[in-house]
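Trainee: I would like to learn how to read a model like this one. Please take me through it feature by feature.

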Amino acid sequence: MTSDEAAELLARTAGAARISREPDAAAEVVRRCGHLPLAVRLAGGWLAHRPAWRVADLARRLETGGTVLRQLAVEQQTVAGAFSASYEHLSEPVKWLFRLIGLHPGDSFDARMAAALAALSLDRTERMLDDLLDQHLIEEVAPGRYRMHDLMRQYSAELFRESTDPAQRHEAGNRLLDHVLHQVAVRASSLDQQVLATHLRLEAPLRADLINETDNLDIEWLEQERLNLIALIGFALQEKGHSGYAWRLARAMWRFCYMRGYFGDIVATHQTGLTAAERSGDRAAQAVMHNYLASAYTRTGSYLDSLRHLEVAVSISRDLHDRRNEHRYRANLVVVHWLTGSPARSVSLGRQLLRENTWGAVQPIVALPNLGYALVAVGRYPEALRAHRQHLFLARCQGSWFHMSNALGHIASVENRLGNHRKAVRLIAASLRLREQNGHRFGEAEARNELGIAYRHLGRLGEARMQHALALDLAKDSGDRHVQAAALNDLGLTLTAAGDVEAAVSAHREALALASRIAHPYEQGRALAALADHLARRNNAEAGRHRRRALAIFERMGAPERHELRRQLAEPSSPPA
């Protein structure tokens with residue numbers, strides 16, 4: 001039933017006036033009953049037999065009293081009894097499959113997962129799933145995809161506990177996790193093949209017959225299974241002896257989550273994976289988890305957390321004499337250093353890593369864009385352009401559309417700073433087309449903000465404002481706070497060009513507050529400088545204070561904006577208008 005239908009049934013059973021007095025509690029009761037008509041009717045009957053009870057009393061009982069299956073009974077009728085009537089009609093092999101399915105912690109599953117769980121052929125599993133469908137013990141939510149209702153899952157889990165020993169549970173869980181890990185790895189290999197294989201150290205799948213040759217083309221499967229995979233990572237941590245699956249699944253999901261901007265998912269899964277790696281004593285796995293946790297913290301503006309995790313990853317890799325991963329993790333420090341206001345240090349480290357690359361430890365396709373970021377931050381635009389063009393060349397040689405789209409966007413950013421705005425528009429359009437074709441959202445917010453910058457300089461202010469707003473929405477959706485701050489500052493500049501001074505000042509103030517909160521000095525400086533320009537019209541003293549604060553930031557960073565601020569501060573002040 002829908003929520004409204006279930007609430008109406010509860011009201012008819014327990015009394016409309018009673019339910020209308022406590023709508024929130026009634027909603028919780030029907031939610032706990034899973035909107036199943038039988039369970040809701042039994043809940044209403046329970047209340048009808050207990051006139052002194054409030055609806056909230058039943059909601060609390062269902063929340064704290066364990067399974068609803070045994071809680072609700074009216075005149076010897078129970079939810080479990082109704083389920084049992086269907087279950088007992090099944091053959092023993094189908095009963096076994098039904099009990100095993102309850103072990104899957106996610107919301108839905110496919111036939112191949114069920115076959116792996118039960119150690120059965122796919123054809124036989126599909127026939128058995130049809131039997132379960134006929135008895136309404138599972139639902140088919142899409143062709144070949146099934147779900148088991150929460151209450152039915154509780155029933156299945158109770159039967160499993162009563163009839164299965166711990167060794168069987170462990171073996172079934174191992175079969176499921178092994179199958180799912182290889183399914184994820186096959187699909188993720190098209191995004192992250194070389195490094196992923198090095199990190200995962202996978203053996204052959206237990207059920208190679210359940211993996212198709214074309215699976216690596218089906219990236220959207222990862223989107224479909226995303227929440228289930230998060231649940232499976234938690235399951236692997238909880239189940240004794242499955243720690244290796246927890247961190248490997250987290251790592252296998254990383255590139256997809258990063259591309260789609262699911263930074264919160266990266267933090268959740270890699271924290272679980274880190275706990276699992278620590279529990280198993282696998283130090284190389286711990287370094288991997290620290291590194292990829294840092295990637296999410298960097299994107300969401302938690303730079304100190306990112307720095308801490310990267311330093312641990314580098315330290316572990318040095319202890320293990322793992323030069324390849326040590327260099328890879330140090331390359332990620334290049335980005336963190338420039339975000340925290342040390343772009344000169346970033347440039348130095350980026351160049352040093354490329355010089356050290358005698359064993360192929362650092363992939364230039366990864367190191368070059370990070371170096372290019374830092375070179376832009378210190379105003380060395382021709383060098384940044386060379387780095388990003390080399391990145392594009394390598395991406396084209398390797399056929400990596402992920403890196404090609406990013407490189408095009410990075411080149412456009414430099415062209416904007418060099419004043420080549422029409423060229424920047426063409427490059428960003430190509431970058432966005434590649435992203436659209438491949439479902440790759442990473443970096444789209446930055447690309448759209450750069451498109452807004454180009455449109456502003458070309459006098460297309462309405463289009464510029466729209467692109468900044470879209471960039472801001474995308475950055476908010478992904479939690480990418482330093483991009484939010486940049487988009488707010490650039491929106492403010494576009495609003496100023498359009499003559500909407502009040503809205504521009506508001507945007508810059510919001511950018512300043514956000515950049516200060518995440519300790520992002522560059523966007524703090526930009527906001528202060530822009531606010532100083534507005535304040536200069538009525539309060540030269542306050543404008544001067546803002547400019548001096550901005551100049552201090554840009555001097556410390558070596559940012560090119562310092563030259564204009566020096567000039568402004570050197571000019572004699574005019575009295576306020």
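Trainee: At what angle do helix α16 and helix α18 pack, and how far apart are their axes?

Mentor: Start with the general idea. Two packed helices are described by the angle between their axes and the distance between the axes. Here, helix α16 (residues 283–299) and helix α18 (residues 323–339) pack at about 25°, and their axes are 11 Å apart. Axes are lines fitted to C-alpha atoms, for helices over the stretch in contact, and angles run from 0 to 180 degrees between N-to-C directions. Helices (H or I, at least four residues) and strands (E, at least two) are DSSP runs, numbered from the N terminus.

Trainee: Before we go on, what kind of model is this?

Mentor: This is a predicted model: local features need pLDDT of at least 70, side-chain atom pairs count only at pLDDT 80 or more, and totals for chains, interfaces and linings use all residues. Residues are numbered from 1 along each chain as its sequence is written, and side-chain values use heavy atoms, with hydrogens and water left out.

Trainee: Are α16 and α18 roughly parallel or roughly antiparallel?

Mentor: Roughly parallel. Angles under 35 degrees count as roughly parallel, over 145 as roughly antiparallel, 65 to 115 as roughly perpendicular and the rest as oblique. The crossing of α16 and α18 is left-handed. A crossing is left-handed if the near helix is turned anticlockwise from the far one by less than a right angle, and right-handed if clockwise.

Trainee: Which residues of α16 and α18 meet?

Mentor: From α16, Ala287, Val288, Asn291 and Thr298; from α18, Tyr329, Asn332, Val335, Val336 and Leu339. Contact means heavy atoms within 4.5 Å. The residues of this contact divide into six nonpolar, three polar and no charged. Ala, Val, Leu, Ile, Met, Phe, Trp, Tyr, Cys and Pro count as nonpolar, Asp, Glu, Lys and Arg as charged, and the others, Gly among them, as polar.

Trainee: How do helix α24 and helix α25 pack?

Mentor: Helix α24 (residues 444–457) meets helix α25 (residues 461–478) at an angle of about 165°, with the axes 8 Å apart. That makes the two roughly antiparallel. Their crossing is left-handed. Ten nonpolar, four polar and four charged residues make up the contact of α24 with α25.

Trainee: And what angle separates α27 and α28?

Mentor: About 150°, for α27 (residues 501–517) and α28 (residues 521–535), with axes 8 Å apart. They are therefore roughly antiparallel. This crossing, too, is left-handed. Their contact holds ten nonpolar, four polar and two charged residues. Among those that meet are Leu512 in α27 and Leu528 in α28.

Trainee: Is Arg526 buried or exposed?

Mentor: Buried means under 20% relative accessible area, exposed over 50%, partly exposed in between (1.4 Å probe, protein chains only). Arg526 lies in helix α28. Its relative accessibility is 17%, so Arg526 counts as buried. Leaving aside neighbours within four places in sequence, Arg526 is in contact with Ala486, Asn489, Asp490, Leu493 and Phe554.

Trainee: Where is Thr164 found?

Mentor: Thr164 is in the loop between α11 (150–163) and α12 (166–200). Thr164 is buried, at 14% relative accessible area. A polar contact of 3.5 Å joins its side chain to that of Ser163. A polar contact is a pair of N or O atoms within 3.5 Å; within protein, one must be able to donate a hydrogen and the other to accept it, and residues adjacent in sequence count only if both atoms are side-chain atoms. Thr164 also touches Trp96 and Arg169, not counting residues up to four places away in sequence.

Trainee: What is the phi of Ala119?

Mentor: Most residues other than glycine have a negative phi. Ala119 has a positive phi of about 55°. Ala119 sits in the loop between α9 (111–118) and α10 (122–134), and is partly exposed at 48%. His136 also has a positive phi, about 60°. His136 is in the loop between α10 and β4 (139–142). With a relative accessible area of 65%, His136 is exposed.

Trainee: How many helices and strands does the protein have?

Mentor: There are 30 helices and five strands. Of the 577 residues, 56% are buried.
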